[in-house]
Amino acid sequence: MKKLFIIPTAVLTAALLLSSCGKNTDQHPSAEGEGTPTSHFMDSIYNSDAPYIYEKISAIESLDFSGDTVKSNKHFLVTRDADSIIHIYSTITGKEILKYNEFAPITASTGERAPTVSETSTTDYNIFSFPAKDLHILAVSKVKTMTVSYENINSTRPAETHHTMEVTFYDGAGNIFYSASDATLKAIIGTPDKIPQYMKSTIVYGDTNLFSIDNAVFSYDKTTGSVAKVRDFDTTAIPRILFMSDEYYYSIDSTSHTLQVFDGSLNKVSTAILPEHTELHLAKYGPLPNGNVIFQYRKELPSTDEEYDIISVEEINGKAVSHKYDLITLVVTAATGDVESIDAGFVINSIVDFDLLDKLSGTNEYKKAFNSVSVIADIDYITEEKELSGGHMYSDIVVLSDDGTVAHSLKRKSRWIDIPKIIGDGIFAVKTLNDEIEIIDRDGNTIFVYGTTLAGKSDTLIKTDGAIYNVTTGEKIFDASENDAIIKSTSCGIFTIQIKNELTAVHADGSTKLLGIFNQADKTLDDFYASNLGYYYIVYSVTGQHEYFNEYGEKLGIFDNKIECIGETFGGYLFHDTVSGKYYRMTTAKVSNK
């Protein structure tokens, strides 16, 4: 299943280069002398007691849902039953949120001056979802249309049509958190045909947990699916929040060249005035561990200037043309808005705040794993010639201090081009310059090296040279040449071995299990299927039953029919037995060695 502590994509915009401090002959030159000596090689990155945490499929549970699937996303399922009743369910809580007749009958009534005036009415529903940036909310619009006919009392008077509208918003747990009334909708959009346009006005704010509907701003809890109102604003006064830290929210106004800081209730804390020449759209910025903000940008200078921080040379029409820049790095104090210029000595490519990642995910997993690391930056050092070489030896991953300076380098070995990830108890995997994966222990000793093209999906097993190895120990688990066997890799993290008519699974932990026998009088196995959606496989027995196992060979359940995965849901996967009509959730569990 998913192994944790992989640095997010934002940091991987350039090579993630981690090498060493201390006495290491393979160390990055810029890291020399930095950092604090530790008892183990990897302790400058990971806590000595950092747990190895992974997710695995743990159970299959039945859900009290009914009907054929209409649509689904991570938090909701919409079905239609045989009576054309639409059901909307929360897959987090398992409860029914709403149901309505898709083809509601037209109702007719007679007015006070019967039979000269008649009325007919219909009610239409539409479902809208917003699966953006992990925001999974659902909106249901309800439009009642009433037609009044006067044809029997005045044939020249046309029929009149009246609409009443309502839009109700549900959070991932199925709770109503906001409703737009008929009066509100008529003031904003006027007519029902504009409801889709109204839905698109919902705004998700940058890399934060905030979104707005009308003049209200809400926060979204990714771990529970719940939504809470932060506060109401005048519609034109809602701040355009771009990013957040553990304590603050931040907005940037490129017109006024200001950074505004807000507390957790979106009350303004401070306003920082940035230099007018700041090209904000080109700047790199992000929160520091104490909630202050670091800004960095380049200001191009005339080519004749002799004082500059960076120079780059390009060839134009056969001539070398120099571009000179000032490298400007600012630190904004969040509490006061004070702006200080610092001499960084490096160029920032990207910034990641581990405290924020923990807050958004509702865990402390990064904080538990990494040793005194809160904010890291992917940077390039400037050469003595004031050039940005872009070469491997001048790239680094560093821990930033509260004042925007480098606390220490995370570079351990110059041949590494990625951050090591934990794949076992005190065992780490890291990619190298040679496009190989190096497995090391806490002391930096190499256990095993293999080519990335030979890796299976599992972190611990690989297939190479006709054999299966456990990379955490270097142990050869199975050699096909010694057994006249066929080794097949699957998409769910396991390998299968076929010896004549026997099929055996090699699980993610290296254990093996005989799945069954093909094509003999004592045949027990009819078919085998490894899912490409989740980390599980299915064994079809000759009795017609379907046995489900996770990637570690643990039995999840037995079914008379194959249950089809219809998508990812909160905490696992959603399944449907199209024969019986039953729904199931395949749940995941986090497992730690500590």
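In what order do the 4 strands of the open sheet stand? The order is S39-S40-S41-S42, and the pairing is antiparallel. Here strands are DSSP runs of E of at least two residues, and helices are runs of H or I of at least four, both numbered from the N terminus; two strands pair if DSSP finds at least two bridges between them. The model is a predicted one, in which local features need pLDDT of at least 70 and side-chain atom pairs count only at pLDDT 80 or more, while totals for chains, interfaces and linings use all residues. Residues are numbered from 1 along each chain as its sequence is written, and side-chain values use heavy atoms, with hydrogens and water left out.

The edges of this sheet are held by S39 (525-530) and S42 (555-559); each has a single partner strand, so one side of each is left without a neighbour in the sheet. On average, neighbouring strands are turned by 20 degrees against each other, direction ignored. For such angles, axes are lines fitted to C-alpha atoms (for helices over the stretch in contact), and the angles run from 0 to 180 degrees between N-to-C directions.

Within the sheet, S40 (residues 536-541) pairs with S41 (residues 546-550) in the antiparallel sense over 5 bridges. Tyr 537 has Phe 549 of S41 as its bridge partner. Tyr 536 also belongs to S40, and with 3% relative accessibility Tyr 536 counts as buried (buried means under 20% relative accessible area, exposed over 50%, partly exposed in between, with a 1.4 Å probe and protein chains only). From Tyr 536 to Ile 494 the C-alpha distance is 8.9 Å, although the two are 42 residues apart in sequence. As a general point, side chains in a regular strand alternate between the two faces of the sheet.

Another antiparallel pairing joins S37 (residues 502-506) to S38 (residues 512-517) over 5 bridges. Ala 505 is bridged to Lys 513 in S38. The two strands make a hairpin with 5 residues between them, and Gly 510 in the turn has a positive phi of about 95 degrees.

Turning to the aromatic residues, the whole structure contains 22 aromatic pairs. Rings of Phe, Tyr and Trp (its six-membered ring) pair if their centres lie within 6.5 Å; planes under 30 degrees apart count as stacked, over 60 as edge-to-face and the rest as tilted. Phe 211 and Phe 218 are stacked, at 5.5 Å centre to centre with 20 degrees between the planes. Both are buried: Phe 211 has a relative accessible area of 0%, and Phe 218 one of 1%. The bridge partners Tyr 537 and Phe 549 are stacked as well, because their ring centres are 5.3 Å apart and their planes lie at 15 degrees. Since Tyr 537 lies in S40 and Phe 549 in S41, this pair ties together parts that are 12 residues apart in sequence. Tyr 537 is buried at 0% relative accessibility, and Phe 549 is buried at 3%. Ring pairs also link Phe 169, Phe 177, Tyr 178, Phe 211 and Phe 218 into a cluster.

Charges meet rings too. Lys 562 places its charged end over the ring of Tyr 529, 4.0 Å from the centre, and Lys 386 lies over the face of Tyr 308, at 4.8 Å from the ring centre. The criterion is that NZ of Lys or CZ of Arg is within 6 Å of the ring centre and within 35 degrees of the ring normal.
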